Structures are given as structure tokens and as C-alpha cells.
Amino acid sequence: MYVDVTLDDIILYALEHHVSDIHFDPVESGAHVRLRQDGLLQHYMTVSFEEAELIINRIKVCSSLDISEKRLPQDGRWSWSHKNKSVTMRVSTLPSLYGETLVCRLMGNEGSHKDLKELGMQPDIFEHIEQLLKRPYGLLLICGPTGSGKTATLYAMLRMLNLDETKLICLEDPVEAEIKGAIQIGINEKIGFTFAKGLRSVLRQDPDTIMIGEIRDKETAELAVKSALTGHRVLSTIHTNTAIGVVTRLMDMGVEPYLIRATLMGAIAQRLVRKFDGTSYQGRTALFEYLEIPANSVHWDELETHLLLSLEESARKAVSQHVTSIEEVHRCGLML
């Protein structure tokens with residue numbers, strides 16, 4: 001078996017079929033190779049124990065991981081290219097009963113080049129966001145579970161900005177796709193270059209808009225809010241389930257409520273569902289929830305009054321228009 005050829009074949013197939021993750025799951029006799037397509041895992045092939053070891057070692061070498069270390073989890077990145085195809089992958093290993101399990105997350109393989117309407121956003125909400133992005137400063141957050149398409153939405157919004165006359169600096173982990181006219185910086189926590197450290201340096205670079213890939217901790221949250229307070233437009237993602245939940249999440253991270261009230265201008269929650277064409281599922285679309293904080297007369301104790309669209313409303317509309325099925329909506333955790 002030629003390891004490079006087999007690996008190239010797997011990755012090429014994954015790229016052509018819009019796969020988001022490649023899983024190498026060890027079993028007693030070898031390893032199952034499974035691909036996550038449209039949110040669900042599908043069996044691709046099974047390789048022997050010897051072949052699995054060769055493949056995993058090859059990926060670890062390409063990702064600058066220690067091939068001799070099999071007892072501890074490791075994380076790395078792999079910039080793969082073959083002829084005219086290329087992709088950056090985030091690689092994660094984990095020791096298990098029958099050997100190392102390894103997952104490659106293909107960055108930017110699904111949705112990173114689409115605009116908001118192509119991602120599934122309703123025209124009226126698109127127009128609201130278009131106006132919101134004209135505000136010179138404030139904080140706009142996108143939330144949802146892992147793999148719900150937050151980064152794709154973030155990229156789509158950033159491409160709506162006028163980058164000829166304004167400066168956009170992006171802090172990403174890693175950089176998933178190119179944004180023309182932006183300065184994109186890859187975070188590297190292994191060497192201590194965190195979102196918080198990067199954000200402090202970015203503020204000295206005279207940006208108009210700052211994109212933070214993810215608000216993960218109190219330090220980054222506080223810096224993001226203070227950046228918005230000092231006259232910057234800040235866009236980021238955060239892990240919570242609903243648009244209104246963003247406020248609680250920031251408070252849980254230790255951000256003072258008065259700072260949230262002074263900076264938050266909007267929040268988007270989203271889920272990804274498979275599109276149904278009557279006989280089968282093909283591709284995915286996003287369901288959106290949108291909270292817009294008006295420039296004045298904000299009812300902070302009744303934020304529901306500023307919710308222009310809920311996830312449930314998006315889901316009902318998608319089901320009624322036969323874009324997706326009720327079963328698929330239930331699968332992503334929405335009960336209608």
C-alpha cells in the first residue's frame with residue numbers, strides 16, 4: 001500500500017464531496033475511515049492495523065506532531081496540496097483501546113466562500129444585517145454548537161464590509177479562507193500567541209473592524225468588549241445556543257453588564273440542517289435567529305422584544321417551503 005496515494009485519494013474524495021471531517025477510528029483488526037458529510041458520519045473504507053499505523057504516522061509527520069508519542073493527545077495543522085487542490089486541516093489525535101484515533105477537520109471546505117443569502121438567510125434579515133454593519137462600532141456575535149456554520153456566516157459578513165476605505169484585521173485559529181483586502185493572522189497557542197495577546201497587538205494597528213475567530217475565555221471577552229467600546233467594530237463567535245443567551249454567556253465569562261449594554265449591537269444564532277429534495281438529502285442550509293439591539297431605547301430586561309427572527313420561526317418556514325424535513329429539524333435539537 002502506498003500511504004501517500006491512499007491518503008491523497010481519501011482527501012480528494014473528501015474535498016469533492018464537501019466533507020467536513022475525516023475520522024480514523026481504530027478497531028481490533030485495523031481502523032475504520034469515516035467521513036462526516038452534511039453533518040453525519042459515513043463509512044468510507046477499512047484499513048488493516050499495519051496500514052492504519054502507516055497512515056496515522058504520515059499524517060502526524062505532516063502535522064508536525066511527535067510520532068513516538070502515542071500515550072498523550074496531540075493537536076496540529078496540516079497544509080495539504082496535490083496538483084491544483086489544497087486544503088488546511090486541523091489534526092487531533094487521542095489514545096484509545098486499540099491505538100490512536102485521529103480526526104482531520106477540513107478548514108473552509110463547506111460554506112466559507114458563500115454569501116449570507118447562499119447560506120440560507122432570509123432577505124429581510126439580510127437587509128437588517130447590511131444596515132447593522134454600517135454602524136461604526138459595536139459588538140456583533142454569532143453563536144451555535146460546534147459545526148453549525150458560524151465561521152461561514154462570519155466570513156460572509158466580513159466580505160460585505162468596504163475594505164477599500166477601512167481596515168479589517170482577523171485573528172483566526174487557523175485561517176480558513178482568504179478575505180480579499182483583509183489582514184488575516186493565525187493564532188498559535190503552542191507558542192503563547194493567544195487570541196487575547198493577538199488582540200492587544202491588533203489594537204495598535206489602527207483597525208476599523210476586528211474579527212476574533214472565537215471568544216473562549218474571560219480575557220478575550222473583556223478585550224473584545226473594550227475594543228468595541230473604544231470605537232471599533234468587533235465581530236466574533238461564541239459558544240451558546242441562542243442569540244439572547246449571548247448576554248448571559250458574556251456575563252458568565254465575567255464581563256460587566258454595563259459593558260455589554262454599552263457595546264452589544266446584535267447576535268445571530270444558527271443551526272445547520274440537511275436540504276431535502278423530496279426523495280433524499282443533498283447539501284445543507286442554515287436556520288438563523290437574529291437579535292438586533294437598537295441604537296437607543298433598548299429594553300434590556302425584555303430582550304425578546306428585539307428578537308426579529310427565532311430559530312423556531314426559521315425552522316417552520318424551512319419545513320413549510322419543503323427546504324428541509326421536520327425530522328431533520330428535530331435532529332438538530334429544535335422542537336416545533
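1. A definition to begin with: two strands pair if DSSP finds at least two bridges between them. Helices (H or I, at least four residues) and strands (E, at least two) are DSSP runs, numbered from the N terminus. This is a predicted model, in which local features need pLDDT of at least 70 and side-chain atom pairs count only at pLDDT 80 or more, while totals for chains, interfaces and linings use all residues. Residues are numbered from 1 along each chain as its sequence is written, and side-chain values use heavy atoms, with hydrogens and water left out.

2. Strand S1 (residues 19-27) pairs with strand S2 (residues 30-37) in the antiparallel sense, over eight bridges. The two form a hairpin with two residues between them, and Asp21 stands opposite Arg36 in S2. S2 in turn runs antiparallel to S3, again through eight bridges. Across that pairing, Leu35 faces Gln42 in S3, and Arg34 has His43 of S3 as its bridge partner.

3. Please look at the turn between S2 and S3. This hairpin has two residues between its strands, and Asp38 takes a positive phi near 55° there. Is Asp38 buried or exposed? At 12% relative accessibility, Asp38 counts as buried; buried means under 20% relative accessible area, exposed over 50%, and partly exposed in between (1.4 Å probe, protein chains only).

4. Two other backbone details deserve a look. His322 also has a positive phi, near 60°, in a residue other than glycine. His322 is found in the loop between helix H10 (311-320) and helix H11 (326-331), and with 63% relative accessibility it counts as exposed. The peptide bond from Asp173 to Pro174 is cis, with omega near -5°. Pro174 sits in the loop between strand S8 (168-172) and strand S9 (183-186).

5. Rings of Phe, Tyr and Trp (its six-membered ring) pair if their centres lie within 6.5 Å; planes under 30 degrees apart count as stacked, over 60 as edge-to-face and the rest as tilted. Tyr13 and Tyr44 form a tilted pair, 4.9 Å centre to centre with 45° between the planes. Tyr13 lies in helix H1 (residues 3-16) and Tyr44 in strand S3 (residues 40-48), so the pair ties together parts that are 31 residues apart in sequence. Tyr13 is partly exposed at 30% relative accessibility, and Tyr44 is partly exposed at 28%.

6. The other pair is Phe276 with Tyr281, also tilted, at 5.0 Å centre to centre and 50° between the planes. Phe276 is partly exposed, with a relative accessible area of 29%, and Tyr281 is partly exposed at 25%. What lies over the face of Tyr281? It is Arg274, at 4.0 Å from the ring centre. For this, a charge sits over a ring if NZ of Lys or CZ of Arg is within 6 Å of the ring centre and within 35 degrees of the ring normal.

7. Now the interior. A nonpolar core is a set of buried Ala, Val, Leu, Ile, Met, Phe, Trp, Tyr and Cys residues joined through side-chain atoms within 4.5 Å. The largest has 43 residues, and those with the most contacts inside it are Leu139, Leu141, Ile238, Val246, Leu250 and Leu264. Helix H7 (residues 218-229) gives the most to this core, with five residues. Apart from it lies another core, of 32 residues, among them Leu132, Ala156, Cys170 and Tyr290.

8. For Leu139, contact means heavy atoms within 4.5 Å. Leaving aside neighbours within four places in sequence, Leu139 touches residues including Val225, Ala228, Leu250 and Leu264.

9. Last, helix H4 (residues 123-132), whose buried residues are Ile125, Phe126, Ile129 and Leu132. They cover an arc of only 120° around the axis, which puts them on the same side of H4; the arc is that of the directions from the helix axis to the C-beta atoms. An α-helix has 3.6 residues a turn, so residues three or four places apart point the same way. What covers the buried residues of H4 includes helix H3 (116-119), helix H5 (150-158) and strand S12 (264-276).
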